[in-house]
Amino acid sequence: MLLVRPEPVPPNYEDSRWSWFQNCLGALDGTYVPVNPPAADRPRYRSRKGEIAINVLGVCTRDLKFVYVLSGWEGSATDSKILQNAIERPEGLIVPHGHYSLVDAGYTNGDSFLAPYRGQRYHINIWRQGHMLVSKEEYFNMKHSAVRNVIERSFGVLKMWFAILRSASYKDSNPYYDCMLLSP
């Protein structure tokens, strides 16, 4: 089954990467899926990267399993706007009290979402190149980056399995918002 119920990181978790994030349910991010809308609608679907695509929000567990997926937003929609819509939906994204998901700097830090420190080095490849940590914020960002990439890997596996997600599909001009969710 594609969608599963997430289990929070327990105390004294044996995986040293995730043990820093007790009660974390997983990670959340957006990805672009190419589409081919009618010519009149193309500007709305142009992403910040210049692609014509839809922006898909995904939430996954630490073992690469999707918990929630919301698709259909134009490529020009911001990640934070899509997350806000997912939370406001009648049967939308619910993060139980006391738990959270890891997000990148495109999202706002909050009770249910833990973002990295802004203005600090973040991506794991920076430290692999031998750069020294200079602050506790950079250390946190290094740990955050090491586990948050689980959502990037999940999207990568999904796009590898389903080639239709890598090439433009036709999109009609009527807006749609498809949502897959495992209810609590």
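Modeller: The following account takes the strands in turn, then the cysteines and the nonpolar cores.

This is a predicted model, in which local features need pLDDT of at least 70 and side-chain atom pairs count only at pLDDT 80 or more, whereas totals for chains, interfaces and linings use all residues. Residues are numbered from 1 along each chain as its sequence is written, and side-chain values use heavy atoms, with hydrogens and water left out.

Strand β1 spans residues 24–36; helices (H or I, at least four residues) and strands (E, at least two) are DSSP runs numbered from the N terminus. Of the 13 residues in β1, 11 are buried, where buried means under 20% relative accessible area, exposed over 50%, and partly exposed in between (1.4 Å probe, protein chains only). Two strands count as paired if DSSP finds at least two bridges between them. β1 runs parallel to strand β4 (residues 100–102), with 3 bridges joining them; here Gly 26 has Ser 101 as its bridge partner. β1 also pairs with strand β2 (residues 53–60), in the antiparallel sense and over 8 bridges, and in this pairing Ala 27 stands opposite Cys 60.

β2 in turn pairs with β3 in the antiparallel sense, over 6 bridges, and Ile 54 stands opposite Glu 74 of β3. The two strands form a hairpin with 5 residues between them, and Leu 64 in the turn has a positive phi of about 70°. Strand β3 (residues 66–74) is largely enclosed by the rest of the structure, because 9 of its 9 residues are buried.

The cysteines deserve a separate remark. A disulfide is a pair of cysteine sulfur atoms within 2.5 Å, and by this rule the count is 0. The sulfur of Cys 24 has its closest cysteine sulfur in Cys 60, at 9.6 Å, and is therefore too far away for a bond. Cys 24 counts as buried because its relative accessibility is 0%, and Cys 60 likewise counts as buried at 0%.

Finally, the cores. A nonpolar core is a set of buried Ala, Val, Leu, Ile, Met, Phe, Trp, Tyr and Cys residues joined through side-chain atoms within 4.5 Å. The largest one has 21 residues, and those with the most contacts inside it include Cys 24, Ile 54, Phe 66 and Leu 102. Two or more residues each are given to this core by β1, β2, β3, β4 and α4 (136–161), with α4 supplying the largest share, 5 residues. A second, separate core has 18 residues, among them Leu 28, Ala 77, Ala 86 and Val 103.
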